[in-house]
Amino acid sequence: MAKNDLMDRVVNLAKRRGLVFPSSEIYGGFRSTWDYGPLGVLLKRNVKEAWWRSMVQLRDDIVGLDAAILMAPKVWEASGHIATFTDPLVDCRNCQERFRADQLPESGACPNCGMKDTFTEARQFNLMFKTYVGPVEDDASVAYLRPETAQGIFVNFTNVQTTTRKKPPFGIAQIGKSFRNEITPGNFVFRTREFEQMEMEFFVPPEDGPRWYEYWCAERYRWYTELGIPEAKLRLRPHEKEELSHYSADTSDVEFEYPWGWGELEGIANRTDFDLAQHSKFSGQDLSYYDQEHDRRYLPHVIEPAAGADRATLAFLLAAYEEEDVPNDKGGSEKRTVLRLHSRLAPIKVAVLPLSKNEKLVPVADEIATLLRAEMMIDVDAAGSIGRRYRRQDEVGTPLCVTIDFDTLDDRSVTIRDRDTMAQERVPIDGLLTELESRLR
């Protein structure tokens with residue numbers, strides 16, 4: 001199917017099946033904000049849990065943090081966000097729409113109305129959301145919604161290092177909401193003003209920065225492929241010198257081929273000692289680390305893998321979406337829509353499907369649901385034909401279905417049906433949980 005058609009189909013599926021809804025829809029929506037529905041919240045949560053598992057649970061050199069969204073305004077002065085966190089903004093004099101000057105088409109035509117040579121001079125626009133703390137709205141009470149989670153990690157470096165007794169190299173990981181007043185949000189959940197980040201700051205001796213930068217570039221690329229994104233849809237793109245942020249010695253982006261082109265999934269940056277040096281300077285606190293073994297004190301350099309949970313969720317959806325022709329009961333074929341999500345990401349792991357609402361089958365289905373519910377997210381569906389129910393589960397990426405039929409009443413066995421192959425296998429109820437868990441690894 002065409003790339004644009006793929007995007008339309010995924011967006012329609014997301015709305016129809018309870019993955020993502022437009023925010024405030026009954027009031028006409030609120031541009032660039034989205035609400036994750038019953039299945040979407042599970043999918044996004046699974047993406048974040050898979051990230052946390054790989055970054056914290058499976059490692060002994062990274063710990064977690066949950067820093068506040070509101071921070072002292074001095075934090076953003078030290079980090080450079082107040083002075084430099086800007087985009088060039090232009091207005092179209094004809095239709096009054098606003099755009100980022102660096103994203104205009106080469107033709108010079110307005111993307112909204114098509115008129116040429118109607119743009120105002122570019123002016124810098126700060127992307128941070130300003131708010132006020134306390135009852136009086138004056139300059140003394142100004143605060144900002146954080147534009148990134150990283151600064152909460154930097155200002156807590158000494159707290160975490162002291163309490164955990166970690167020695168560089170070690171990392172601090174965080175998942176949380178960030179806010180950027182984007183001039184041109186769009187492409188569904190790809191670019192929004194409220195979004196969720198998965199960031200980790202890895203503190204290393206200065207001389208080890210380049211080596212750890214290469215390590216994390218490879219490690220983060222591998223994470224996406226292990227969770228099912230084909231390598232043909234991914235690339236690791238090093239930044240050119242003119243692209244580098246002022247604090248960065250090296251940066252590479254893990255990019256995904258979205259329907260509109262290549263887009264950033266995650267950035268991996270060697271931030272050197274910029275952040276700790278700035279916060280030491282502005283706070284007056286010594287954020288250096290004393291290496292007892294080598295009797296030296298230094299400001300650690302930082303390698304930062306920073307990923308967007310929303311962008312990753314969208315990429316996994318797009319990579320998993322497939323339409324195929326499959327045989328039907330009448331000897332012909334029919335169209336099947338399937339999300340081939342990795343089992344760790346699938347919102348529902350197993351669907352429990354009694355063949356019908358028969359009074360003898362439903363209690364067995366309830367028994368199996370009780371057995372499985374404590375161990376995994378399940379769905380129980382008894383409405384409609386069994387074929388239609390299989391299609392519903394395929395469409396939302398459920399890896400396995402368990403069907404209870406009338407033979408179950410006699411042999412205490414059920415049928416496991418695989419989403420990807422549609423193969424079916426008879427399994428005793430007594431061994432069902434063990435069999436499902438082995439297939440979902």
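These are my notebook entries on a predicted model of one protein.

**Entry 1: overall layout**

I began with the whole chain. The protein has 441 residues, and 50% of them count as buried. I noted 13 helices and 23 strands. The C-alpha trace spans about 75 × 65 × 50 Å along its principal axes.

**Entry 2: the largest pocket**

I looked for open space next. The largest pocket holds about 1,400 Å³. It is lined by 45 residues, and those closest to its centre are F85, R180, S245, Y247 and E264.

Which elements give two or more residues to this lining? I listed helix 4 (81-84), helix 8 (274-283) and helix 9 (309-320) on the helical side of the list. The strands are strand 4 (86-91), strand 10 (194-204), strand 12 (250-258), strand 13 (261-272) and strand 16 (301-308). Strand 13 gives the most, with 5 residues.

I then sorted the lining by residue type. It divides into 19 charged, 15 polar and 11 nonpolar residues.

**Entry 3: the second largest pocket**

The second largest pocket has a volume of about 530 Å³. I found 16 residues in its lining. Nearest its centre lie N46, E49, S343, R344 and K349. Helix 2 (residues 38-57) provides the largest share of this lining, 6 residues. By type, the lining has 8 charged, 6 nonpolar and 2 polar residues.

**Entry 4: helix 7**

I checked the length of helix 7 (residues 209-226) against expectation. At 1.5 Å a residue, its 18 residues should span 26 Å. The end C-alpha atoms are 26 Å apart, so the two agree.

Which residues of helix 7 are buried? I wrote down G209, W212, Y213, W216, C217, E219, R220, Y221, W223 and Y224. An α-helix has 3.6 residues a turn, so residues three or four places apart point the same way. After helix 7 comes G228, with a positive phi near 110°.

Is strand 22 (residues 413-418) enclosed or open? I found 5 of its 6 residues buried, so the strand is largely enclosed by the rest of the structure.

I followed its pairing on both sides. Strand 21 (residues 400-404) pairs with strand 22 in the antiparallel sense, over 4 bridges. V402 has I416 of strand 22 as its bridge partner. Strand 23 (residues 424-428) also pairs with strand 22 in the antiparallel sense, over 5 bridges. Here V414 stands opposite V427 in strand 23.

The hairpin of strand 22 and strand 23 has 5 residues between the strands. In this hairpin M422 takes a positive phi, near 65°.

**Entry 5: salt bridges**

How many salt bridges does a search of the whole structure find? The count is 45.

I took R16 and E395 to start. Their side chains meet in a salt bridge at 3.1 Å, N to O. R16 lies in helix 1 (residues 3-16) and E395 in helix 11 (residues 386-395), so the pair ties together parts that are 379 residues apart in sequence. R16 counts as exposed, at 53% relative accessibility. E395 counts as buried, at 14%.

K177 and E194 form another salt bridge, at 2.7 Å, N to O. K177 sits in strand 9 (residues 170-179) and E194 in strand 10, so I logged this as a link between distant parts of the chain, 17 residues apart. K177 is partly exposed, with a relative accessible area of 29%. E194 is also partly exposed, at 38% relative accessibility.

I ended with R419 and D420, whose side chains meet at 2.8 Å, N to O. Are these residues buried or exposed? R419 is buried, at 5% relative accessibility. D420 is partly exposed, at 33%.

Methods. Residues numbered from 1 in each chain as written. Predicted model: local features only at pLDDT ≥ 70, side-chain atom pairs only at ≥ 80, totals over all residues. Heavy atoms only, no water. 1 Å grid on protein atoms, 1.4 Å probe; cavity = no way out; pocket = protein on both sides within 12 Å on 5 of 7 lines; lining within 4 Å. Points joined across faces, edges and corners; volume = space filled by probe spheres on them. Nonpolar A, V, L, I, M, F, W, Y, C, P; charged D, E, K, R; others polar. Expected span 1.5 Å × (residues − 1). Buried < 20%, exposed > 50% of the residue type's maximum accessible area, 1.4 Å probe, protein only. Pairing = 2+ DSSP bridges. Salt bridge = Lys/Arg side-chain N within 4 Å of Asp/Glu carboxyl O.
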